[in-house]
2 protein chains.
Amino acid sequence: MLKRVLFLSLFALSLGTINAQSITGFKAENVSEQLDLEAAFEARLSTENLDSWMKRLSAEPHWVGTEYGKQNADWMAARFKSWGYDTRIDTYHILFPYPKVRELELLGDQPYQAKLTAVPVEGDPYTAQGDALLPSYNAFSTDGDVEAELVFVNYGIPSDYEELEKLGIDVTGKIVIAKYYGSWRGIKPKLAAEKGAIGCIIYSDPEDDGYVRGDVYPEGAFKNKTGVQRGSVMDMPLYPGDVLTPGYAATKDAKRLNREEAPTITKIPVLPISYEDAQPLLAALKGPVAPESWKGGLPLTYHIGPGPAKVHLKLEFDWKITPAYNVIATLKGSTYPDQWVMRGNHHDAWVHGANDPVSGMIALMEEARVIGELAKQGKRPKRTVVYGAWDAEEPGLIGSTEWVEDHEKELQEKLVAYINTDGNGRGFFRAGGSHTLQTMVTEVADAVIDPQTGVSIKERRIAAQMVNGGNDSFNLSALGSGSDYTPFIQHAGIASLNIGFGGENAGGEYHTIYDTYPHYKRFKDPEFAYGVTLANAAGRMVLRIANADVLPFEFKQWHITVEGYLEEIMKEVDNKRKTVEKHNKLVRNNAYQLAADPRKPFKKPEPKDAVPYLDFSPLQNSLEQLRQSIEQLEALSLETLPLKKQEAINMALQKTEQQLTENSGLPRRPWFRHQLYAPGFYTGYGVKTLPGVREAIEQNQWKEAQEQIEKLSQTFLSMDAHLKKLISHAE
Amino acid sequence: MLKRVLFLSLFALSLGTINAQSITGFKAENVSEQLDLEAAFEARLSTENLDSWMKRLSAEPHWVGTEYGKQNADWMAARFKSWGYDTRIDTYHILFPYPKVRELELLGDQPYQAKLTAVPVEGDPYTAQGDALLPSYNAFSTDGDVEAELVFVNYGIPSDYEELEKLGIDVTGKIVIAKYYGSWRGIKPKLAAEKGAIGCIIYSDPEDDGYVRGDVYPEGAFKNKTGVQRGSVMDMPLYPGDVLTPGYAATKDAKRLNREEAPTITKIPVLPISYEDAQPLLAALKGPVAPESWKGGLPLTYHIGPGPAKVHLKLEFDWKITPAYNVIATLKGSTYPDQWVMRGNHHDAWVHGANDPVSGMIALMEEARVIGELAKQGKRPKRTVVYGAWDAEEPGLIGSTEWVEDHEKELQEKLVAYINTDGNGRGFFRAGGSHTLQTMVTEVADAVIDPQTGVSIKERRIAAQMVNGGNDSFNLSALGSGSDYTPFIQHAGIASLNIGFGGENAGGEYHTIYDTYPHYKRFKDPEFAYGVTLANAAGRMVLRIANADVLPFEFKQWHITVEGYLEEIMKEVDNKRKTVEKHNKLVRNNAYQLAADPRKPFKKPEPKDAVPYLDFSPLQNSLEQLRQSIEQLEALSLETLPLKKQEAINMALQKTEQQLTENSGLPRRPWFRHQLYAPGFYTGYGVKTLPGVREAIEQNQWKEAQEQIEKLSQTFLSMDAHLKKLISHAE
């Protein structure tokens, strides 16, 4: 059946090509040449390469510092070279902890020693590689040896601690056990420590990615009772990258912090466990029954505790400076060698990483191969194309972060855009990033055919949006964190994208020993149809940016999006005010107490401070000023200008994203400089848009909120000044 | 602590008495006498009686036809007599099935024989009464012996079959397994049979009332793995009561239908089971994984099937004509003996029934005792008070229905109002019923003190409403079905109420062998504080209706409520129209297909017929006419009229509810005559307001909807004519 659909898709594609009228950034007379190039590019993409490369790259575990990881880097570098790329390996020397001691036991009458080991399964020999498999742990947990009563804290996110507060439960001096999900995992120990806990256990509840979701591995894709999700818990919302070299490159001889003072290592020991190991711990808890929404899928009554269950947790790590190998492959541009477009994907994995990251890595490689091949045939891109294969992404975006910190000035001078990929699945096109690139991405999504349905990936995604109650427009999501785009966009101010496919490949293999080639082939993208589609989409983006007459940045849609964020925030303040007013009325009327069951724990809520009115007019005025400038810009039709003017405009366009950063960064985290997008301080991966203002409001810091409004309006004004200069180049 | 609160409550009560200014229906000069009477009534209520009577009534299983049930009836009759009531036992002869054969087995490689028996538990000797306990079954399942593949249908309600339809799954010739809850249980086999299934299994998922909700019996209140919910599955939305005598009394010599033609016996065999018995059956299913919202709390992946699990279900019942004993106790009114107010609660239970129904029954008895005692002291109510203890409620509201059918004419002539109670718990005051009584109920709720908090039961309930996001007004809910008010209000057109306390007594004992005295004392209303509070609330209502100068019906609030229902329905039609339009657009655009995972089952949805515009003006106009009449009535201040006029007005007031019934009843179910309230044809207990119109719309019967609009507007017009006549009595 797939064959038939592929045939259809080629048919639909050629129709698309014939009917295409324009591409943003291209002179009318250059459009068909570009489309021919893209068609030639697409025609050369091969699923067979993807298949064999996945087998090669995921054959053995290859976390940063492993011999196989180094071999993979060398092997990829050799491939890039053979495809005509100037290739080098940039090495950084980073702190990486390897687990030496991992002990967790339930004490008391019915003691239990946690197994902490996932079992090999039939039909998947990779899972039986024994000692070669990285023991399950959370990287950048501190060492620790603690013993205390256990408290179940649901996902361990701020709203959960509010609930505990209502019940009068304090985690001070306790060990918390939290479910995975609900936030990025690093938030859980960070918040637990802030609340006074002395240890943190994170487990995978079957409701989130185990048998509740579907059959478990090897019958199905989901997590069996022994599977454990590894993962970093460094305080990435503060800064990602090497914990000892914040803001600068971890070169061999760099000055390093002492480990004891590294602010992004957790304050308390933290260990991930399976649901098999979690069950006896949870079953031994008494105290209040957990709220309805906290309950997971284990066959027991979820109690909160504290205790009587007492646990002992002991963790020791081998803290070693470890080399991380970034493969950097460059294809110099024929016309504008000093304007770059960069693609990246990490190559390190927690274990085999067939899905994460290899499925994205091989799509990037195939894309690079064909672009190299076309270059050899005389179709070299006008601008320089750079491919990066990052190491040490898993422990904390380390390879990419150190590289960006190392090359920051050059990147800010030359790099037009960075396009990131990571693990890739099956289903719907997903794209997030700088909203100045939304039009370009939309046009590419319109040109790329979905392998399963024969319509464009844009049409299929919009269909899904609408069936799920959404609208019919294609929008980029805003980027928080979770992959290597973070240093590019949020630190260096490079316009960035993160793209991939998903929605039809759910499973529980993420960061476990079950993320293997056999698992991927059965449950993700069995014929690599979406692998080549990703190469197709990303490659077209690269080729359009590389060959455009005018760089395809667009500001009208960007402005609408930013205005939308502001409206959201203003509404949030109003809602917050109403919620506080209602809360205080209920407190005054004693309603909470009257509504509470006197036989259950209850702490009378305190009245809350009233929410003041903020002055949003600086943002409204600066955005209005920007709107007018953008209108002027839109009227110019840059594609028809003379070459010299276009070149000057391109130089300016390339730096527009940098106008959105401020060197002082965000409050309490200067590394994060972007004023429109940041990972949430208490969500981790989840994005906060207009983060300075939004997070101050969320945390009731009203004075800071007003200051951030001022600061952000200055950002908008410098963006406006930049656009005005850009417009002057056209005149 | 309870003692202190009780003291507070008495204090608050006396304050309330002093400050009270008026009671609806009472002349100003009669108010303080009434309040003194109510205070005397309240002061005599004893929790000790409740405690000892619960022990007595729930000592042995006492479903209809048991020896102990008969003894209970005789014992209660003797009590009523001793309190000064004219007491008789009205006996009906009803068809009642007793389970002879119950067999359920999973066939195939890993066969499983269902145990079908709940285990005795430590600390509760009642659960160890062995053969005296009624085997778990669904009364009015048909006999059957079927073998087929199993299909999991979630709750087995209409929306679930829509979901199955989307997945292309047909239950024809299959046996379905459905979870309890989501609707009244009788809907499940009814709908399954309509869809072509040949058998039906209903099980209690731990998510709904087992370990997911809380600790299980005997540690906690919830259902352990062996507990089974019994219950009737007769097609009560068609008509309740004896299946062989629809619409007339099941007297000894009544003409009876043949059992084979009785329309309310199920078409397919149906059996309830525990989650211990359900687990192997569900685990043996394959096919698509159930949708997210279908998943329960068992530690397995919920698949839908059909099969490969095959089951064999064999059921045989002993279909016997069985005597049902209603205890009827009458205290003749001093002034208006031919105007009655009636209270009722059933006395039969599935097993011991400490909560259901004994906890309500004992409150009714204590209320009757004190009213009898006061009468002996010369404080006899002006109107006649009747207490009913119904038999055979559990199998299908049979005792009350036969009695109402038997005495219909007399009740329509004399009965002012019927106030029902059933199992009672702890927490918040809940009241549903005729909205003409809303003002009276609100005033009583304002006068009765909550035993746990010392505020009025109205204030506590409103506090809970507000904390849960609701408003601050006290409203009666509309009555669907599920207890003995149904024949009174929905068949005979008697103004009715159903009241009780709950919200802090959740458990899984309902209709199981665990609904015992020890369970009740630990988890429901341990000190019978809410038992006497229920007696207090219900008794005050009885005394107010019995002694009022003008019967306390009120129409302004009633009118607002009815208008609200109409607005709801009009909005529903509009929403339905929009939904269909959106659906058809998605079908036209092929969006459902594009959004579907090609590797999963999917059936392309068909376009739906457009929703026409209905003419609601007959309802709007008749309600406006009513509004004007009610305004006139409100202006009259009936309490100040001369006695003769008041008596004429009372005669008319007493019959207002009957104006809201039509002899032809609802479409396809003439037994249900009320035009404002009915149990849903496909929800069972759940109410449908303005049911003729609403259900026609829900089922896309547009012609019928318009006819029902006409019919309902005629009902409103006859209500209007009645009120005009009533007004004329005042002039």
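Through which surface do the copies meet? The interface residues of chain B are, to 100%, also interface residues in chain A, so the copies meet through the same surface. The model behind all the views below is a predicted one.

**View 1. Chain B laid on chain A.**
A turn of 180 degrees brings chain B onto chain A.

**View 2. The interface of chain B and chain A.**
On chain B, 40 residues are in contact with chain A. On chain A, 40 residues take part in the contact. Together the two chains bury about 3,400 Å². Carbon and sulfur atoms account for 58% of that buried area.

The interface of chain B and chain A holds 20 residue pairs in polar contact, with both residues at pLDDT 80 or more. Three helices of chain B each supply at least two residues of the side that touches chain A: helix 13 (457–467), helix 17 (556–588) and helix 18 (591–595). Helix 13 of chain B gives the largest share, six residues. By residue class, the side of chain B that touches chain A divides into 21 nonpolar, 13 charged and six polar residues. Two salt bridges cross between the chains. In a salt bridge between B:Asp597 and A:Arg426, the closest N and O atoms are 2.8 Å apart.

**View 3. A salt bridge within chain A.**
Over all chains, the structure holds 82 salt bridges. A:Lys190 and A:Asp235 form a salt bridge through their side chains, at 3.0 Å from N to O. A:Lys190 sits in helix 6 (residues 187–194) of chain A, and A:Asp235 sits in the loop between strand 7 (231–232) and strand 8 (270–273) of chain A, so the pair ties together parts that are 45 residues apart in sequence.

**View 4. Two cis peptide bonds in one loop of chain A.**
The bond from A:Gly305 to A:Pro306 is cis, and its omega is near 0 degrees. A:Pro306 lies in the loop between helix 8 (275–283) and strand 9 (310–331) of chain A. A cis peptide bond also joins A:Gly307 and A:Pro308, with omega about -5 degrees. The loop between helix 8 and strand 9 of chain A holds A:Pro308 as well.

**View 5. A positive phi in chain B.**
B:Asn154 is a residue other than glycine, yet its phi is positive, near 55 degrees. The loop between strand 4 (144–152) and helix 5 (158–166) of chain B contains B:Asn154.

An unreviewed UniProt entry lists "domain: Peptidase M28" at residues 326–520 of chain A. Over residues 326–520, chain A is 36% helix and 24% strand. The end C-alpha atoms of this stretch are 25 Å apart.

UniProt, in an unreviewed entry, places "domain: Transferrin receptor-like dimerisation" at residues 615–723 of chain A. Over residues 615–723, the chain is 54% helix and 6% strand, with end C-alpha atoms 26 Å apart. UniProt also lists a "coiled-coil region" at residues 616–663 of chain A, again from an unreviewed entry. Over residues 616–663, chain A is 60% helix and 0% strand. The end C-alpha atoms of residues 616–663 are 23 Å apart.

How values were computed:
Residues are numbered from 1 along each chain as its sequence is written. Chains are lettered from A and ligands numbered from 1 in the order in which they are written. This is a predicted model: local features need pLDDT of at least 70, side-chain atom pairs count only at pLDDT 80 or more; totals for chains, interfaces and linings use all residues. Side-chain values use heavy atoms; hydrogens and water are left out. Contact means heavy atoms within 4.5 Å. Buried area is the accessible area (1.4 Å probe) that two parts lose on being put together, summed over both. A salt bridge is a side-chain nitrogen of Lys or Arg within 4 Å of a carboxyl oxygen of Asp or Glu. A polar contact is a pair of N or O atoms within 3.5 Å; within protein, one must be able to donate a hydrogen and the other to accept it, and residues adjacent in sequence count only if both atoms are side-chain atoms. Helices (H or I, at least four residues) and strands (E, at least two) are DSSP runs, numbered from the N terminus. Ala, Val, Leu, Ile, Met, Phe, Trp, Tyr, Cys and Pro count as nonpolar, Asp, Glu, Lys and Arg as charged, and the others, Gly among them, as polar. UniProt positions are given in the numbering used here, feature names are shortened, and annotations may be inferred rather than shown by experiment. Copies are superposed by least squares on the C-alpha atoms of residues with pLDDT of at least 70 in both.
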